[in-house]
Amino acid sequence: MLLAYTICRLYFLICNVVAFSPIDWKDLAMSFIAGIRFDYSAIFLINVAFFVLFFLPFEFVTDKKYQEILRQIMIFVNMVAISGNIIDTSYFSFQNSRSDADCVANMFFSQDTINLLPQYIIDYWYNAVFFIIMYAALEFIFPRFRMQNYSPTFSRSVSIAIGTSISIIYVACGFVLFRGLGQKTTSVVDAMRYTQPKYVSITLNTPFVVLRTMGKSGLTMKEFMSEDEVAEHFTAIHQYPFTTSDFTEKNVVVFILEGFSQRSVGALSPDGKGYTPFLDSIIQNGYAFTNAFANGTRSIQSVPAILSSIPQLMDNTIIGSKFAANKVDALPAILKEKGYQTAFFHGAFNGSMGFDKYCCAIGFDSYYGMDEFMEEYPSLDNYDSDWGIFDDKFLAYTKDKLDAYEKPFFATIFTISSHHPYALPKDCKDMFHEKRPELNALRYADYSLRKFFDLAKKSDWFDNTIFVFSADHTAPYSFEPDITSSYVSPIDRYRIPIIFYNPSDTTFKQLDSNVVQQIDIVPSLLHLLQYDQPFVSFGQNAFDLNRKPFAVQYNSGIYTYIDSSSVLYFDGEKPTECIKIEKDTVEQHIISEEQVVRLKSFLQDYSQRMLLNKTSAR
C-alpha cells in the first residue's frame, strides 16, 4: 500500500507539474520521503480493522471463503482511498489543495456531482484508466489465504496468547507511527515541517487529509495576546463619519465571475495579454485593483467572503458549517434595512453548493436559479446539459427581472459558463477560436457580460448603479506560464480581478496597486454608499488611504498573509516561512514581527467573533 500511495503521488505530480514549477528537486525529494509518514497514518487507520479481523483467535478465521471475502472487502476499501488520490489529481487544479472531509461530504451529497460526473469521466478518462491499473495491481499483489499443516510447538492456549500479544504489540507500534509521540496527533499542518509550502499537497495524501479533518470545524479559539493588544492592530468594527441623510441610495449590482484569473484579464495581466476585451473596457472606465486576491480557491468559499465579508479560515466551509447560522452584517441584510429589494441570480440548478439557503439566511428577498429560468424559458437550447443555463441567456433574463424591480435594488449575479466543462451554446460555438476550450469559455463569458451591459444601458436604473466585479477564484490555466507570462508566482493562484464601476462618475477610475481582497468589498461598497451605521466586517475599506492593506487565505492547515512586500506562511502557532516576491523571482525574506502580530490579531478576533457569534453590530 505504501508503494501504491507513492505511485499515486508521482502520478499526482506528473498531472500537475505546472503548478509546482519551477521545481526544487531537493525539496521535492523530501516531499516524497516525508510523504511516506503521512501515507502510513492513512493506511494504518483504514486497515486496522482488517488486521484484527484477519487474526481473530477463532476457528472460522481459517475458513477460505471468510478469508477471500475479507480480502476483497479490503481491496475495495483501499481502492476507495486510492480513488481519492486519483480524483484529486484533476480536482487539485480547481482548488489548489487536497480535498478535505468537508469537500468530500459536499461531493457525495451534492446534486452538482451527479450532474457533472459523466462529463468529468469523459474529460479525465486517463484517471479511470489509472484506477483500473491500480485495482488490477492490488488484486494481483494482495496475498491470497493458504492453509498449511504444521505441528504446534505450544498448546492451543499458549499459541493464542502469543499470537494475541504479537497482534497487540503490532497494533500499538502501528498506532504510535500513526499518531506520533507528541502531545498532539500528526496533523495536516505537520507537512510544512518537511518542505516548502507549495509542495505540501505532494507530501500529503487525500485519505489522510479527509480522515484528519473529519468531524472537525477546523476553528479553535485563538489567544495570542490581550484584547487591548488586538485592538491596536485590528478591529472588525467599522463606522464611517456619515449621517443618515448622506446615504446615496444607489442601486448595487455585484458580479461574481466564475473562474476569472487576473492573468487572463488583459488590462490587469503583467504583459497585457488576455481574453476579456469587454472587462478591459470596464477597467479603463472604472476603479480596478492590480493586486487583488481571492480569500479561497472554491466557489463555495467566495459567496460568504464577497457578501458577508467572512473568509473561510478553517477546514469546513462557512455555508456547510454551524457558522452559517451566525448573525452577520451581510450586504443584502444591511441594504434591505435601507429599503432595498435584494436578489441573487445564479444560472446553476437550485441547491447548487447550498447558495439558495445561505442567501436566504443573509437577507436576500429572492433567489433566481435554473428552476425559475426554466419555468419561463423551458427550451433545452438554453441549458448546457451539465451545469446550468448559458451565461448570455441567463444574464438577459436577469436584466429583465431587474427592470421590474423597485428602486433602489441590490443584486448579486454569479456567472457559470467559464466553469468546467466549458460548454458553449450552439449559436456561439464558431465565434471564438482559442485552442483550448476553457479560454473559449472565458471569451464567451466576457461576451455575455457585454450583451448584458448593452441591454442594461437602455434601462432607467443603469446610471444610478454601482457595479462590482470579482472572480470567485482563479482558474486552473492561470497557473500555467504559457498563458500570459513566463513566470508564475506562488500567489498567482489567488490573484483575481476586483473592479468597481460607477457609470455616472467619470472621475471614478484608477488602477490601484494596493493589496485588496474579497472581504474588502462589503466595507468598500458601504463607504461608497455613505452608510453611517456600525457594522462588523473582517475586511477593510479599499478606498481608505490610511489602511494597511493585506490579504489572508487558509489552505491545508496553513494561513497565508499577503501584503505589499511579501508573503508570510503561518501554521496556526508560529510563522514557518516568509517569501519576498519580485517581478521575476521568489526569494526568502526575513520574517517581520509586525506581519506576525497583525496576522495573529486578525486570527484572534476572527476566531472569537465566529465562535461566540459576535459577527454583527446590529
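What follows is a set of questions on the sheet, the helices and the cores of this predicted model.

Visitor: What makes E2 and E7 a pair?
Guide: Pairing takes at least two bridges between two strands. Strand E2 (residues 251-257) and strand E7 (residues 465-471) have seven bridges, in the parallel sense. Leu-257, for one, has Ala-471 in E7 as its bridge partner.

Visitor: In what order do the strands of the open sheet run?
Guide: The order is E5-E4-E6-E2-E7-E8-E3-E9, eight strands with mixed pairing.

Visitor: Why are E5 and E9 said to stand at the edges?
Guide: Strand E5 (366-368) and strand E9 (510-517) each have a single partner strand, so one side of each lacks a neighbour in the sheet. On average, neighbouring strands of this sheet are turned by 15° against each other, direction ignored.

Visitor: Which strands does helix H12 lie across?
Guide: Helix H12 (residues 299-308) lies across E2, E4, E6 and E7, at about 160° to E6. Helix H17 (residues 437-456) lies across E2, E6, E7 and E8, at about 165° to E2.

Visitor: Which residues touch the most other members of the largest nonpolar core?
Guide: Phe-255, Phe-453 and Phe-469, in a core of 118 residues. H17 gives the largest share of this core, seven residues.

Visitor: With which residues is Phe-255 in contact, beyond its neighbours within four places in sequence?
Guide: Contact needs heavy atoms within 4.5 Å. The partners of Phe-255 include Leu-395, Ile-413, Leu-449, Phe-453 and Phe-469.

How values were computed: Residues numbered from 1 in each chain as written. Predicted model: local features only at pLDDT ≥ 70, side-chain atom pairs only at ≥ 80, totals over all residues. Heavy atoms only, no water. Helix = DSSP H or I, 4+ residues; strand = E, 2+ residues; numbered from the N terminus. Axes fitted to C-alpha atoms, helices over the stretch in contact; angles between N-to-C directions. Core = buried A, V, L, I, M, F, W, Y, C linked by side-chain atoms within 4.5 Å. Buried < 20%, exposed > 50% of the residue type's maximum accessible area, 1.4 Å probe, protein only.
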